[in-house]
Amino acid sequence: MLKMTLKRLLGAMIFAGVLAGTPVVAVADADGAQDPIVALFTKLFHTEKAGVSAMSDDQIQRLASLPTEKPRRSKALSYDKSWLAEQPKPKGGKAWQCLTEALYFEARGESLKGQFAVAEVILNRVDHARFPNSVCGVINQGTGKKFQCQFTYTCDGRAEVVNEPAAFERVGKVAQAMIAGAPRTLTDGATHYHTTAVRPKWAKRFENTTKIGVHRFYRMPVRVSSN
């Protein structure tokens, strides 16, 4: 076993020598039989050497200058239309469908950054102790109860009809990125938002974290005073 291991190691060394351009020396057993691995590498070396010797200087130069293909890297999240256009066609399960619909009916007219911000609020609520622990649960909380729905489109009495398929696909890509774990860095943990046209009572009790487009964002503390 030790003898066989040493022979294979020598074969590997010869192969390394081929790569480095080192002359190859044949290795044989005590009975004169050459190790088949060494014989194979020796044959390959001489074949390669003969092929290179037959090439002209121009051929070698062209071969050496061939460009190497670099692996493609996916672009990091960017809040611009060019980044969005490069994203794959959106698709997903129930959570993706709920989030896409919410973004379509609540924020399709907003900038891309504004759409991501609304998505952040929904996912921040999922993580918050005072809200349901699922995307669909958060979006549909209070639906059908007057003045208790959390998102206006779920209780405005109008049917949710998608009339702008291109806009639906765009917000679907936003939803897909967020559910896949895109960073939430726009709203500083916001759990609420409202348009600048209104001023709800709760806005006085929560911390205003930022303003993006026509929306102001607020963060609800983990414990909320009943006063």
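Predicted model: local features only at pLDDT ≥ 70, side-chain atom pairs only at ≥ 80, totals over all residues.
User: Ok, how many helices and strands are in the chain?
Analyst: The chain has 8 helices and 3 strands, where helices (H or I, at least four residues) and strands (E, at least two) are DSSP runs numbered from the N terminus. Along the sequence the pattern reads α-α-α-α-α-α-α-α-β-β-β.

User: In what order do the strands sit in the sheet?
Analyst: The 3 strands form an open sheet in the order S1-S3-S2, with antiparallel pairing; two strands count as paired if DSSP finds at least two bridges between them. Strand S1 (192-195) and strand S2 (207-212) are at the edges with a single partner strand each, so one side of each is left without a neighbour in the sheet. From one strand to the next, the twist averages 25°, an angle that, like the others here, runs from 0 to 180 degrees between N-to-C directions, with axes being lines fitted to C-alpha atoms, for helices over the stretch in contact.

User: And how many bridges join S1 to S3?
Analyst: There are 4 bridges between S1 and S3, which run antiparallel, and the bridge partner of threonine 195 in S3 is histidine 215. S2 and strand S3 (residues 215-219) pair over 5 bridges, also in the antiparallel sense. In S3, arginine 219 is the bridge partner of glutamate 207, and tyrosine 218 of S3 stands opposite asparagine 208.

User: What's in the turn of the S2 and S3 hairpin?
Analyst: The hairpin has 2 residues between its strands, and glycine 213 in the turn has a positive phi of about 60°.

User: Where does aspartate 188 lie, then?
Analyst: Aspartate 188 lies in the loop between H8 and S1, and its phi is near 55°, a positive value in a residue other than glycine. As background, most residues other than glycine have a negative phi.

User: Switching to helices, at what angle do H6 and H8 pack?
Analyst: Helix H6 (residues 112-127) and helix H8 (residues 165-179) pack at an angle of about 45°, and their axes are 10 Å apart. The two helices are therefore oblique to each other, given that angles under 35 degrees count as roughly parallel, over 145 as roughly antiparallel, 65 to 115 as roughly perpendicular and the rest as oblique.

User: Which residues make that contact?
Analyst: On H6 they are Leu112, Gln115, Phe116, Ala119, Glu120 and Leu123, and on H8 they are Val171, Val174, Ala177 and Met178, with contact meaning heavy atoms within 4.5 Å.

User: How do H5 and H6 cross?
Analyst: The axes of helix H5 (residues 94-107) and H6 come within 10 Å and cross at roughly 130°, which makes H5 oblique to H6. Leu99, Ala102, Leu103 and Ala107 in H5 meet Gln115, Val118, Ala119 and Ile122 in H6.

User: Is arginine 125 buried or exposed?
Analyst: Arginine 125, which is found in helix H6, is buried, with a relative accessible area of 4%; buried means under 20% relative accessible area, exposed over 50% and partly exposed in between, using a 1.4 Å probe and protein chains only.

User: What does arginine 125 touch?
Analyst: Leaving aside residues up to four places away in sequence, arginine 125 touches Phe131, Pro132, Val138, Gln150, Phe151, Thr191 and His192. Arginine 125 and histidine 192 are 67 residues apart in sequence, yet 8.5 Å apart in space, C-alpha to C-alpha.

User: And what about glutamate 169, which residues does it touch?
Analyst: Glutamate 169 has its place in helix H8 and counts as partly exposed at 31% relative accessibility. Not counting residues up to four places away in sequence, glutamate 169 touches Lys89 and Pro90.

User: Last one, what share of the chain counts as buried?
Analyst: Of the 227 residues of the chain, 32% count as buried. Among contacts in the chain with a separation of 6 or more, 59% come from residues 24 or more positions apart.

Note on methods. Residues numbered from 1 in each chain as written. Heavy atoms only, no water.
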